[in-house]
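These are my notebook entries on a structure that I looked up. I record each item in the order in which I examined it.

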Amino acid sequence: MKVYIYKVFERFWHWTQVTLIIILAITGFEIHGYYELFGYREAVMIHDRTAWAFLILIVFAIFWHFTTGEWKQYIPTLKLVKEQINYYITGIFSGAEHPTNKLVYNKFNPLQRIIYLGLKVLVIPVMVISGFAYMYFNYPNETYQLGSLDLVAAIHTFGAFFLIVFIIAHVYLTTTGHKPLSSIKAMITGWEEMDEKEAREMIVSEMEYSLQETKRNFLSEKDSSDFLDKALEETEEKIGVKKENKFRDVIANSGAGYFKIGADGLFVEVNRAWVNLYKYESCDEIIGEHYSLSRSERAITQLDETIAKVMKGETVEHGLVIRKCKDGSVGYHTITMTPWKQDEKIVGVEGFILDVDSSQAAKMEWENN
Amino acid sequence: MKRKLFVVLVLVVSQFAVAMLVMQLNPTLEQDQSEEIDVVNYIMKADQIDRMVADHSKFEILQQEFETPQAVTLACLSCHTERHHEIMANNHWTWDRNEKLALRDSVVSVGKKNILNNFCIGINGSEKTCSRCHIGYGWEDKSFDFTDKGNIDCLVCHDQSGTYKKAKGKAGYPEEGLDLNLISQSVGSPKRENCGICHYWGGGGNNVKHGDLDEAMNSCSREVDVHMAIDGEDMSCIACHTTENHVITGKVYALSSEDKNRVTCVQCHTETPHTDKLLNQHFERIACQTCHIPEYAKANATKMVWDWSTAGRLDAEGNTIHESDADGNHNYLSIKGTFVYDDHVKPEYFWFNGLADHLLITDSIESIPVQINTLEGSYNDKGKDCATESCSKIWPIKVHRGKQPYDVVSKKLVQPKLWSPNKGDSAYWTDFDWDNSIEAGMKYTGLPYSGEYDFVETEMYWPLNHQVAPAENSLTCTSCHSSSPDSRLANLNGFYLPGRDRFAMIDYLGIILILLTLGGVAIHGGIRVILRKNCLHDKK
């Protein structure tokens with residue numbers, strides 16, 4: 001199963017960085033005196049121009065990271081670091097599962113977070129600063145001048161060696177994904193191949209995230225329908241499904257229950273998860289029935305109101321509802337309901353439900369009582 | 001399909017574009033050679049107008065029968081009535097100059113009159129032969145009257161007939177039988193031949209002293225000197241050594257120390273002569289001469305070593321010996337000792353800020369080899385802290401190494417009397433007796449001599465300025481930026497030079513880290529592959 005992980009700019013940034021660092025390394029070590037390739041003069045000129053190109057790329061990358069919130073990916077965490085290390089030392093050989101999964105809002109494992117953050121805030125800045133000092137502050141009649149190149153040269157050279165080490169390890173570790181080449185393919189196409197479990201978790205987490213965002217929005221008492229539409233669209237885009245066509249399929253494969261109710265109040269469609277949550281045997285028992293069978297008599301008014309709202313075009317999210325299962329027992333879930341449109345006309349409602357941990361539900365019920 | 005195209009566009013094409021952008025070949029080197037060179041304060045040969053403003057052959061006073069060369073001088077001064085004041089203030093006349101030497105507080109008198117070198121050592125006691133290069137008549141000894149304007153020799157510099165010649169050992173008088181009418185009527189601005197007769201031949205032979213001033217430069221190719229090449233700009237000495245009122249710019253550090261009245265490349269070429277910014281930045285720390293004079297003594301050899309201690313060997317009949325090396329240059333003369341000549345010499349390189357010190361005859365020797373003219377400068381002499389306006393730069397230097405007599409008791413160099421027309425006059429070149437010649441020389445100079453002498457190694461430093469090579473023959477980056485022992489700057493230590501210097505520790509550490517990483521990858525990856533092959537790695 002493939003999931004869209006790396007956006008266009010991100011891939012452009014990554015591969016441009018690759019190109020520039022390789023050019024910098026080749027010319028840099030020529031300047032260092034290890035071999036003759038371009039000729040010293042050309043090597044210096046190329047190194048100089050590449051450094052400028054790199055600086056421009058860094059400026060764009062910083063802008064991108066902050067405007068998209070991607071910078072949060074690099075917040076270091078110690079959670080699961082040990083597990084991740086153990087995985088690389090032992091688990092990987094015995095075919096153990098990755099201790100951390102690749103999620104859109106958590107692309108990196110904790111080791112990656114630490115290493116990449118280190119690159120971004122330490123190695124790259126040190127290389128840029130020492131590099132530009134090397135280039136521009138070694139001339140004594142400038143306002144700012146270096147006593148000698150010794151220190152910057154030492155730092156710059158060591159940084160270069162460190163980057164080579166990083167590249168070797170980094171390239172090797174790309175082979176530890178779902179398949180040996182899946183990480184590299186992902187960085188090229190944006191779509192990463194994952195096993196289904198991982199993908200499902202990713203989608204669930206994505207939906208959870210959306211719900212949390214939605215909740216935050218409701219609390220702010222604004223008209224939230226536009227936001228919800230947008231969030232939904234974005235979510236769909238992020239998890240790599242096209243609106244309408246694949247939404248249902250993805251839901252079908254996720255843990256969430258999906259339902260579609262016509263304007264007459266009768267179920268048109270439910271998925272397997274929905275059937276399971278309600279403890280029915282098959283969809284046939286549901287299709288064509290009125291939605292009132294899903295609630296106790298006490299709670300049905302709330303659902304009536306919700307459906308009425310959605311039929312008017314709103315998207316509604318309920319924090320927690322109590323469902324009535326086939327056997328009369330109850331369960332708890334959150335619900336998100338949006339209009340079901342055909343040719344821009346609302347012909348019913350559709351939505352998904354997410355099961356909620358019963359202890360949490362109990363707590364909430366207790367509060368209600 | 002569309003997505004694949006998009007991927008190709010975003011990744012492959014963009015990477016190609018980025019690589020092309022940064023890797024573009026820099027065309028400036030080619031430009032440097034093909035473009036007309038921009039110069040200031042100089043009119044190119046093609047635009048120069050050479051117009052005679054006075055025809056001296058029409059002047060009656062120059063048609064008289066001259067009894068003496070002094071009579072010619074007085075004839076000159078009858079029209080150029082005040083010029084003698086200029087001449088008499090000029091170092092070519094005084095051979096003396098008050099200078100403040102680097103690192104000394106007081107002003108001292110420095111000039112050919114009193115300074116020692118490691119060629120013919122000094123003029124004292126031998127003026128009659130040395131003053132062949134003095135622009136005067138009759139400097140035989142200390143009694144010479146420097147205030148007598150009649151003793152000025154105008155002709156040695158201004159003769160354009162090519163027939164004027166000063167006699168050997170005649171205190172600056174010309175040879176007998178010259179046609180002084182022809183000579184005096186030919187006068188004009190000095191040409192290369194006028195300057196060269198002394199500046200080429202200093203030290204007793206062509207190109208002996210400077211190494212970059214050679215008689216061959218009267219008519220040389222671009223390869224020898226790009227400025228003076230006859231098929232090029234064909235520049236005269238005074239094109240650069242501009243002269244107003246007989247004040248001739250340019251001084252040599254063998255005798256002069258203060259950083260003033262110099263001739264520089266910048267006066268025509270500006271401080272930013274290259275189209276390449278990086279090369280122009282080198283100007284901050286590298287003298288133009290360093291790259292543009294990759295070698296000197298390109299037409300004729302120059303003297304690199306002069307060892308006086310072997311002088312005095314005579315053949316069985318008591319005659320002086322002349323021995324030459326394979327190239328025909330003297331490598332032994334009884335009167336002077338052993339020499340080493342060399343041609344196409346690579347300069348040595350020093351930090352130099354334009355200030356020099358000189359070992360005065362009264363100074364004690366403090367270290368060996370004795371530095372006769374210490375060039376001041378260091379890597380750290382730069383920026384706001386530097387001692388001079390130009391700060392220290394790397395300069396190409398001809399180092400002349402000598403071995404010459406000194407007083408072992410007073411630890412001072414000595415002035416032997418070298419020349420006399422007669423035997424038995426204590427002159428070394430006739431008598432071959434060091435004791436006598438030193439005693440006579442020191443007595444003449446008015447300085448004490450203990451009576452014990454020995455020979456000491458000395459060094460003299462001659463910054464190179466001439467025999468500038470065509471651009472295509474200049475040094476290239478790796479002439480210096482190279483860890484090879486052939487790097488021009490292999491011996492100029494104390495600073496970090498990219499391409500030449502590395503920190504062994506960091507390199508070792510870096511390489512070890514890389515090897516460890518590669519090893520780790522190989523082991524880790526190897527185990528993964530093996531386990532997979534053996535089906536121990538369940539696909540689930």
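Entry 1, salt bridges. Across the interface of chain B and chain A of this predicted model, I found 1 salt bridge, defined as a side-chain nitrogen of Lys or Arg within 4 Å of a carboxyl oxygen of Asp or Glu. A:Arg41 forms a salt bridge with B:Asp276, and their closest N and O atoms are 2.9 Å apart.

I looked up which helix (a DSSP run of H or I, at least four residues, numbered from the N terminus) gives the most residues to the side of chain B that touches chain A. Helix 17 of chain B does, with 16 residues. I noted 29 nonpolar, 18 polar and 11 charged residues on that side; Ala, Val, Leu, Ile, Met, Phe, Trp, Tyr, Cys and Pro count as nonpolar, Asp, Glu, Lys and Arg as charged, and the others, Gly among them, as polar.

I recorded 58 residues of chain B in contact with 56 residues of chain A, where contact means heavy atoms within 4.5 Å. The two chains bury about 5,200 Å² between them, which is the accessible area (1.4 Å probe) lost on being put together, summed over both. Carbon and sulfur atoms give 65% of this area. In chain B, B:Val22, B:Tyr496 and B:Arg528 lose the most area to chain A, together 12% of what that side buries.

Residues are numbered from 1 along each chain as its sequence is written, and chains are lettered from A in the order in which they are written. Local features need pLDDT of at least 70, side-chain atom pairs count only at pLDDT 80 or more, and totals for chains, interfaces and linings use all residues, while side-chain values use heavy atoms, with hydrogens and water left out.

How values were computed. Helices (H or I, at least four residues) and strands (E, at least two) are DSSP runs, numbered from the N terminus.
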